[in-house]
Amino acid sequence: MSLRFLGQPLLVASCGASLAIGLPFLDAALATSSLALLKGLNLAAFATNVVAVSVPGRLDGVQDAEMRRGNFDGGTKSGEGQSLLNDAEEKHPYMLNRSRTLINPSGWAFAIWAPIYLGEAAFIAGQLFASDAANMTLLPSITAPFVAANLFQSLWCASFRPTFGEGWKKWVSAANLGGTAYSLSLVHSATATVTDPTVLSLLLLPLTMHFGWTSAATLVNLNGSLASDQSASTTSLVALGHFSAFVATALGVSITLLQTSPAYGLTLAWALAACSDGMRKRIPSQNSAEEVILSKAATVQRNLCKAGSVICAIAASYIAIFG
């Protein structure tokens with residue numbers, strides 16, 4: 001499969017905007033649809049996401065290649081101070097942007113995708129064999145946002161590419177990832193009253209992890225988009241980085257407490273811990289004057305993310321024990 005037909009930034013942006021505008025109407029239309037249609041749409045959307053994620057050429061392809069070679073730090077320095085990347089990889093836009101951003105999780109954090117996709121695959125399989133009574137309690141309310149989340153993530157795969165690196169185009173990927181997180185928040189809200197342990201493990205846990213991870217990933221993407229603008233001031237990079245750490249912590253604590261969702265808080269704790277570790281392993285900026293400021297800000301950022309991770313974990317533990 002090729003995403004070339006989606007290689008036009010205006011087309012991808014238009015698809016994302018149309019999906020955002022059309023989501024309420026899709027939700028209303030599917031609320032009274034047959035279970036067979038709902039099951040089919042969920043399966044088709046998830047399959048589209050899986051295929052889109054597998055298409056090479058995204059900006060994070062360098063990091064993915066490094067992880068496949070066993071470097072879970074995603075291209076940072078070795079213990080001997082030697083680069084683990086070749087010359088072409090070091091000059092790749094994604095790697096250059098990583099040296100400027102203050103929100104950059106270590107590679108090991110991305111291992112979370114395995115339980116997310118395996119869990120959602122179990123949900124897709126489970127809905128096909130569950131009783132009509134069980135499906136009727138969930139599918140009419142979650143299918144529209146679940147489909148939208150998978151389509152938004154597919155559009156993110158199409159937009160997180162070098163052809164989207166300039167001007168307004170560099171923000172399209174962040175918008176699509178934000179759409180993914182928002183759609184999953186609707187799924188999360190719709191399943192907030194679920195108490196059945198089987199449904200919780202097959203549905204709520206992987207979808208909540210997906211919601212939490214894309215919440216954090218949207219902030220990572222925003223910071224990366226700003227870092228890709230070589231005219232962006234160091235002050236703006238630092239401000240957005242620190243602000244993002246506060247936002248991630250606030251989201252982790254508030255959603256955990258308000259929606260009694262320890263899995264969301266633990267996912268944000270995981271993401272923030274990875275971002276803290278990422279600042280310890282960051283690649284210095286090639287701009288020496290810029291690096292003087294960024295290196296100091298990175299130390300602050302590391303502590304902000306570490307504190308945020310601990311706070312989110314405490315909130316999640318409280319809800320898990322007393323909630």
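Mentor: Buried residues make up 50% of the 323 residues in the protein chain, where buried means under 20% relative accessible area, exposed means over 50%, and partly exposed covers what lies in between, with a 1.4 Å probe and protein chains only. The model is a predicted one, in which local features need pLDDT of at least 70 and side-chain atom pairs count only at pLDDT 80 or more, while totals for chains, interfaces and linings use all residues. Residues are numbered from 1 along each chain as its sequence is written, and side-chain values use heavy atoms, with hydrogens and water left out.

Now to the pairs you asked about. Side chains of opposite charge can pair when their charged atoms come close. A salt bridge is taken here as a side-chain nitrogen of Lys or Arg within 4 Å of a carboxyl oxygen of Asp or Glu, and by this rule the count comes to five salt bridges. One of them joins Arg58 to Asp60, with 3.0 Å between the closest N and O atoms. Arg58 is buried at a relative accessible area of 14%, and Asp60 is likewise buried, with a relative accessible area of 14%.

Another of these pairs is Arg100 with Glu290, whose closest N and O atoms are 2.8 Å apart. Arg100 lies in the loop between α5 (93-98) and α6 (113-129), whereas Glu290 belongs to helix α13 (residues 288-322), so the pair ties together parts that are 190 residues apart in sequence. Both Arg100 and Glu290 are buried.

The pair of Asp277 and Arg280 has its closest N and O atoms 2.7 Å apart, and both residues sit in helix α12 (residues 262-280), three residues apart, which is about one turn of the helix. Asp277 counts as buried at 13% relative accessibility, whereas Arg280 is partly exposed, with a relative accessible area of 48%. Salt bridges that share partners join Asp277, Arg280 and Lys281 into one network.

Between α11 and α12 there is a loop that holds Thr260, a residue that is partly exposed at a relative accessible area of 45%. Most residues other than glycine have a negative phi. Thr260, which is not glycine, has a positive phi, near 40°.

Helix α13, which carries Glu290, also gives the most to a nonpolar surface patch, with three residues. The patch is made by Leu257, Tyr318, Ile321 and Phe322 and covers about 470 Å². Patches are made of residues with over 30% relative accessible area and no salt bridge, like charges being joined within 9 Å and nonpolar side chains (Val, Leu, Ile, Met, Phe, Trp, Tyr) within 5 Å; the accessible areas come from the Shrake-Rupley method with a 1.4 Å probe, and for residues only the protein chains shown count as cover. Leu257 lies in helix α11 (residues 234-258) and is partly exposed, with a relative accessible area of 38%.

Turning to α6, the axes of this helix and helix α8 (residues 139-159) come within 14 Å and cross at roughly 140°; axes are lines fitted to C-alpha atoms, for helices over the stretch in contact, and angles run from 0 to 180 degrees between N-to-C directions. The two helices α6 and α8 are therefore oblique to each other, since angles under 35 degrees count as roughly parallel, over 145 as roughly antiparallel, 65 to 115 as roughly perpendicular and the rest as oblique.

Pro9, in helix α1 (residues 9-30), is buried with a relative accessible area of 11%; Pro9 and Ala158 are 149 residues apart in sequence and 8.9 Å apart in space, C-alpha to C-alpha. Ala158 is also 9.7 Å from Asn176, C-alpha to C-alpha, with 18 residues separating the two in sequence. Asn176 is placed in helix α9 (residues 172-190) and counts as buried at 3% relative accessibility. Cys15, also found in helix α1, counts as partly exposed at 31% relative accessibility, and its C-alpha atom is separated by 9.5 Å from that of Leu151, 136 residues apart along the chain.

Key. Helix = DSSP H or I, 4+ residues; strand = E, 2+ residues; numbered from the N terminus.
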